[in-house]
Amino acid sequence: MIAFDLAGMHAVDAQTLTIGASAVTLDATKLSTSHGVTVDLERGPVRYTKHTGGSPTATAGIPLYDGGRLALNQAEAFNAQFIRQGSVNGTAYVTFYRRG
């Protein structure tokens, strides 16, 4: 799923995120200078939300499976929260993008 167009963007930063039994978010400082992100998942599955007012649980939220890729614009990325779905922590490799 691609939520924003990567055309004209370049990678400016990265983050490795361990997704465990408690919801985690992306680095707000890195997001503040970015226009969007891609999230590549290893060792999933996880669930995520990308709206205000709700945190994912192991059974609620949008599923993202091992090997999956997700693209979020800046607003979605600021609101995104991730949690593991089963007993295995996920590892997300996040790339931050900026226009120009």
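A salt bridge is a side-chain nitrogen of Lys or Arg within 4 Å of a carboxyl oxygen of Asp or Glu. The model shown in these views is predicted.

**View 1. Salt bridge between Lys30 and Asp13.** The closest N and O atoms of Lys30 and Asp13 are 3.6 Å apart. This pair joins helix α1 (residues 28-32), which holds Lys30, to strand β1, which holds Asp13, across 17 residues of sequence. Lys30 is partly exposed at 21% relative accessibility, and Asp13 is partly exposed at 36%. The model contains 4 salt bridges in total.

**View 2. Salt bridge between Lys50 and Glu76.** The closest N and O atoms lie 3.6 Å apart. Lys50 belongs to the loop between β4 and β5 (62-64) and Glu76 to helix α2 (residues 74-79), so the bridge ties together parts 26 residues apart in sequence. Lys50 is partly exposed, at 22% relative accessibility, whereas Glu76 is buried, with a relative accessible area of 17%.

View 3. The side chain of His10 reaches the backbone oxygen of Gly100 at 2.5 Å. Beyond its neighbours within four places in sequence, His10 contacts Phe96, Tyr97, Arg98, Arg99 and Gly100. The relative accessible area of His10 is 32%, so this residue counts as partly exposed.

**View 4. The largest nonpolar core, with 18 residues.** Ile19, Leu26, Val37, Val39, Leu70, Phe82 and Val94 touch the most other members of this core. Strands β1 (9-19), β3 (36-42), β4 (46-49), β6 (69-73) and β8 (90-99) each contribute at least two of its residues.

Conventions. Residues are numbered from 1 along each chain as its sequence is written. This is a predicted model: local features need pLDDT of at least 70, side-chain atom pairs count only at pLDDT 80 or more; totals for chains, interfaces and linings use all residues. Side-chain values use heavy atoms; hydrogens and water are left out. A nonpolar core is a set of buried Ala, Val, Leu, Ile, Met, Phe, Trp, Tyr and Cys residues joined through side-chain atoms within 4.5 Å. Buried means under 20% relative accessible area, exposed over 50%, partly exposed in between (1.4 Å probe, protein chains only). Helices (H or I, at least four residues) and strands (E, at least two) are DSSP runs, numbered from the N terminus. Contact means heavy atoms within 4.5 Å. A polar contact is a pair of N or O atoms within 3.5 Å; within protein, one must be able to donate a hydrogen and the other to accept it, and residues adjacent in sequence count only if both atoms are side-chain atoms.
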